[in-house]
Amino acid sequence: MKRITVNEKWCLGCHLCEYYCAFANSGGEDMAKALKGITIQPRLRIEQAGCISFAVACRHCDTPLCVKSCITGSLSVRDGVVCVDREKCVGCYTCVMVCPYGAVMPSESGAIQKCELCTQRSPGIPACVSGCPNGAIVLENGG
Amino acid sequence: MKYVIVGNSAAGIGGVEGIRSVDRSGEIVMFTDEPYHTYSRPLISYYLQGKTDIEKMSYRPEGFYCDNNVRLERGVKVAAIDAENRRVVLDSGASESYDKLLLATGSRAATPPIDGLENAALLFHFLTLDDAKALKSIVAPNSRVLIVGAGLIGLKCAEGLSATGCSITVTDIAGRVLSAALDEGGASMVQRHMEQQGIRFRLNDRIAKITKNRATFAGGQHVDFDILVVAAGVLPNTELMCALGCDAQRGIRVDSLSQTEVPGIYAAGDCVRCCDISSGQEKIMAILPNAYLQGEAAGVNMAGGNKSFETPIPMNAVTLMGLRVISAGTFAGEEHNAGDEGAYKKLFVEDNLLKGYILIGHVERAGIYTSLITGKIPLDTIDFDLMKAQPQLMAFSRSGRQKMLGGQ
Amino acid sequence: MEREGSIRIPAGCAIAGIISREGKRFSGDAIRRSMSMMHERSNGLGGGFAGYGIYPEYKDAYALHVFYDNIEAREACEKYLDSRFDIVNLSKIPVKKIRAITGEPLIWRYFVHPLPTRLADSQLDENEFTRRCVFRVNTSIEGAYVFSSGKNMGVFKAVGYPEDVAEFYQIGDYEGCCWTAHGRYPTNTPGWWGGAHPFSLLDMTVVHNGEISSYDANRRFIEMYGYTCTLKTDTEVITYILDYLVRKIGLDFTEASNVIAAPFWSTIASKDEREKQRLTYLRNMFASLLITGPFSILVGFNGGLMMLNDRLKLRSMVMGEKDDFVYFASEEAAIRAVEPAVENLYAPRGGEAVIVLTKGGASHAD
Amino acid sequence: MPIDFLYPKFEVVRNPQRCIACRVCERQCANEVHRFDPALNLMESDESKCVDCHRCVSLCPTRALKIVETDHAFRKNANWSGEIISEIYLQAKSGGVLLSSMGNPAGHPIYWDKLLINASQVTNPSIDPLREPIETKTFLGKKTHDIKRDKNGHLVTETSPQLEISMPVMFSAMSYGSISYNAHECLARAAAELGIYYNTGEGGLHEDFYRYGAHTIVQVASGRFGVHKDYLEAGAAIEIKMGQGAKPGIGGHLPGGKIVGDIAKTRMIPEGSDAISPAPHHDIYSIEDLRQLVYSLKEATGYRKPVIVKIAAVHNVAAIASGIARSGADIIAIDGFRGGTGAAPTRIRDHVGIPIELALASVDDRLREEGIRQDVSLVAGGSVRSSADIVKAIALGADAVYVATAPLLALGCHLCATCFTGKCNWGIATQEPELVKRLNPEIGFLRLVNLLTAWKHEISEMMGGMGINSIEALKGNRLMLRGVGLNEKELQILGVRHAGE
């Protein structure tokens, strides 16, 4: 099972993961062009208070409450990754109501958005993982 | 092993997926009195509104029954259960044997005791796709619509119809909208919002009499309508169990394994009565997440696994004409107001536990609050002030976060 | 033109050796024939032979073979020798004038014993005493060069092809129980007789084919111990290393081979604990005497002969047997030229020392 | 406010087309150079605070940043350079000694760059490291002048204590305190992984790192901080620090502000007290005294651990080394004047000491002349920058080299040379927790392993090219070097010929 683990100990609170996430999901080819002048809507968020910071992204739970609670069937598990069919999602936010990590979030389109480990973009390492300068976000395989 | 499931909505589908997570090969027969592939009932208002279509309303992909090796019998009503011989009898007279039976019969619209209701020119309920289709086919921009019931179904119906430009009045005996899901303050915020969008409300008022195109209220005032929608709550479909001599009028009783008092028969979803852990009361919590989870647990147990559904609480996530509302649990105990501008937020605390919450406007990360209720997290183990301000994992202890997020 | 000593000259070569395990003496003609087969491996710029057991009548005396550029050098040298040694015999080494060998120096031979008083004063053993005297001549008497200084053995070398050198010195007239030989292919042409091989120190002679890459590491180390590398040749430094390890430190030839062609660490790791410790000790303690780069050498000494290749076997060397004799050569053909019916042909692996002792011989210094 | 005579040294150049105002520069600059102006929705900078450490540049996701040296100039003057003028302004303002960090940046000759390495052609084959083993393992410690045999004639294989290293490189001393816990963890783990050693410096050994003891050299310096019996026992070798290339003749001073928590505990001094290492050891005023300390330490550790004596390369280094070789020390470490430091008076750093190349050559020569080269191993440090420098150092006569600046660079150091401020943006030369955490040892350790693994490959390639398949055969093999652009005297000291000869 693939999932991201977050090493709070190494999180610098630099927020680069959010920008790499937003860029990865923007479909653009140049970060500057893709993100210039906009307020980014990343699929993972840094929580920060004083010296403590950490990223929160979908945990791709073994028992994903969001998937089970989804009223439209637009959330599903594909190869261990909780994915959303944003065409189908009506933005009822039942998933927002049940996700214990607060990792499902509204998007501007009304449909929800969430981390899909960059599987929609290209297989491999999620942008937040490769973009983290300090190994605070790690992709785990198996387990 | 042969499984029979009555009902093709969330609880029934949960049942199929629960069974198949344990038993890949047992025979599954599913009966539904509707003619459709499984669809999401809550989406009928979106359908009405034109925000979705029949295809997108499919609760599961097209190949669902085939992939899960389910024999779906559509448009077939189960008339009775022969529990002794483990058979269900269909209204055609035919019967089907079962080893394990899941009742996921759902609910039906309640009919309020209003004088002359049957005289209404056009009377609708708003529970099924057929209801929505019928309503959609008849409503016109100049229609006058009276909706009886300001609960979730009534308001969603109002939202769905408002897209057509028709004039809408919502009436309820209760003094506020969404009386089951919101407190006074929240309800008035929602009401105000919908009124700004042109919906009229007549609350705290009782219809005394209905004639063809007119509803006359107890105080003598009247509202004329072309279309009358009755959305005054639902009743569980429990006749099959009642016929077996069970006391199930107010919902089928099940244990935490979703098993009824009759051996081999399980029940799940809106037809079931169970314990709300936030209040400790037994009630029907007719919401989709509960239906699915309960159906899934039933399926697992039917197939020989062991899964209990122990965290049912009432909860609602709804968007009404752009206003986001999420509430969960019971609104009892000490109230904590933490709303900011343009948003409403209330947390209810009792015995060092979060019992319920209401969020209107800003609903992000509400699930963290939900998890505090269902997980019965003692509030003195977290930074509750922080948590009150924003639902956030920062409020947990470092080791608690580590457990949640993995890593160091 | 610079000559050996002023510049380091890489060279390719042919080498050969024949030894009688019984210690039977045989004519140098055999080794001549073996070398002539490898004519192509030399270029006429140096050839030489070492014979052991060739002076039975003076077997307890150091036999010094000396090149003199002129009479003055000879006089100076003899005066010096006279002051240190009892010269029991001196003579010109008999040579045969041939067309192929020209420009020969004066070549003299002395059988000497260290003067007992001088030896006692020096507080050295007679080998070390003699070695120092030889160094003294070679470094401080201009025009004199001692090129052989062991007991009951002798080196014969010249500028020319090996077979011509053999004829020049009439090697066939000598009888020894062990012979080694060398033909040289230097890539520079100093053409100095002293620079021809074998190189000798007391009774140890080395013939070498190769070009070692560790040269300066080895040289700078060995020079700490009283050796002066005047020729800047591989053969010289290898000879000194062996002299140091065997005669001074007291290692036997096998142990010495474990130093200069030490097994790879991975090989050492595969040995049993005791052997591992032994090899690690030798490699570590004498680390600067590890020789890298290609070499094949035949080391002659009174009592036997050692053949050794570098650890990667970057130079050819084969050996074979027939009856009492063991043959070594850079090429198999050179062995067959002497003994067509040679048996047990074998190319020892890199770093595998082959030590053949004559009857009663020992592989370490006494 | 008094007049500030100095214009900022660096300028922050921000490409407005590329900047997305993600504010990572702002968040990552401990010097507070960057800030976000919400009104203008723009990033701004205060370059007077910039030290040119490149943290912002490295993390900027759109490469919108670069730092350039200002072209603001004093009137051209070959004698009064801008640097000198600025220093006078600084001293006129502060009245203090100028402080600097890292190594001597002055333009003295770098002899490594004037030495060239040989390769085999035709007469002697080069060796392909992909096909044949090339051995870089070596041992440091006293070698023998004779052998012993037991009664069966077997060699007695006991030796003086030796340090085995998989390649002739070790991490030189950097104290816990001058660098961070995480930096130490990187070094310790990398040393263990690589089969080499790192060095505690004079900061003691944090209890967490005792488990890396088999790859640790514990240092005893003039302040004796953190020295106790267990500490001495914990390491594989003990180093007596007599001097340091960056500041010969000068002691050390870690301000009380940095003596906090574990650092105080590890140094065994009260929190907040200045850690002052005196210039000399006050029990060593002569070579005889050194000998006593060497044997005291040997005695304390049962003669099981080699003792290293580290000195700065100064004018009389050969004679000093000769004395040390006779003091019982097993290893002499010589630190050239380009070696780094956390903090040194600028004038000392830039003007005292001599280059390591010359010091190494002359020490190696002297010890050989005296026939005592076998009695000690030589470790050369003080700006060994690459595998080529290592090969040259070994060929000049070193048994191994010490490196510190290069591994710090591997960890992220950009040589901004402001370690003494304690605000290292790379988490190396700092004790501030939020800065220290920027150096994740999981990443840092791997980068060190990568660097040295790469060097090992390169060393093998160069050795193979020379036809040398074991590092022992390279040691002191000066024929493998040729000089370029060196005068007769330099060639003579280095013991190499000029290229073409």
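How far apart do the C-alpha centres of domain 1 and domain 2 of chain B lie? Keep that in mind as you load the model, which is predicted.

**Stop 1: the domains of chain B**

Select chain B and colour its domains. Domain 1 covers 2-108 + 234-302, domain 2 covers 117-230, and domain 3 covers 330-405. Now for the opening question: the C-alpha centres of domain 1 and domain 2 of chain B are 29 Å apart.

Next, show where these two domains of chain B touch. Domain 1 brings 12 residues to the contact, and domain 2 brings 14. On the domain 1 side, select helix 2 of chain B, residues 44-49. Helix 2 gives the most to that side, with five residues. Colour the domain 1 side by class: six residues are nonpolar, three are polar and three are charged.

**Stop 2: where chain A meets chain B**

Show chains A and B together. Their contact takes 31 residues from chain A and 40 residues from chain B. On chain A, several elements give two or more residues to this side, including strand 1 (3-6), strand 2 (45-49) and strand 3 (52-56). Helix 3 (65-69) and strand 6 (105-106) of chain A are also among them.

Which helix of chain A gives the most to the side that touches chain B? Select helix 4 of chain A: it gives the most, with four residues. Then colour the chain A side by class. You will find 18 nonpolar, eight polar and five charged residues.

**Stop 3: a sheet in chain D**

Hide the rest and show chain D. Look for an open sheet of eight strands, with parallel pairing. Trace the strands in the order 9-19-18-16-15-12-11-10. The edges are strand 9 (169-171) and strand 10 (198-199) of chain D, and each pairs on one side only. Strands of a sheet pair through backbone hydrogen bonds.

Zoom in on strand 11 (216-220) and strand 12 (237-241) of chain D. They run parallel, joined by four bridges. Pick D:Val218: its bridge partner in strand 12 is D:Ile238.

**Stop 4: helix 11 of chain D**

Select residues 387-396 of chain D, which form helix 11. Is this helix largely enclosed or largely open? Nine of its 10 residues are buried, so helix 11 is largely enclosed by the rest of the structure. Among the buried residues are D:Ile390, D:Val391, D:Ile394 and D:Leu396. D:Asp389 and D:Lys392 are buried too.

Last, click D:Gly397, which follows helix 11. The phi of D:Gly397 is positive, near 135 degrees.

Conventions:
Residues are numbered from 1 along each chain as its sequence is written. Chains are lettered from A and ligands numbered from 1 in the order in which they are written. This is a predicted model: local features need pLDDT of at least 70, side-chain atom pairs count only at pLDDT 80 or more; totals for chains, interfaces and linings use all residues. A residue is buried if 20 or more other C-beta atoms lie within 10 Å of its own, exposed if 12 or fewer, and partly exposed in between; C-beta atoms are placed from the backbone. Two strands pair if DSSP finds at least two bridges between them. Two residues are in contact if their C-beta atoms, placed from the backbone, lie within 7 Å. Ala, Val, Leu, Ile, Met, Phe, Trp, Tyr, Cys and Pro count as nonpolar, Asp, Glu, Lys and Arg as charged, and the others, Gly among them, as polar. Domain bounds come from an automatic or database domain assignment.
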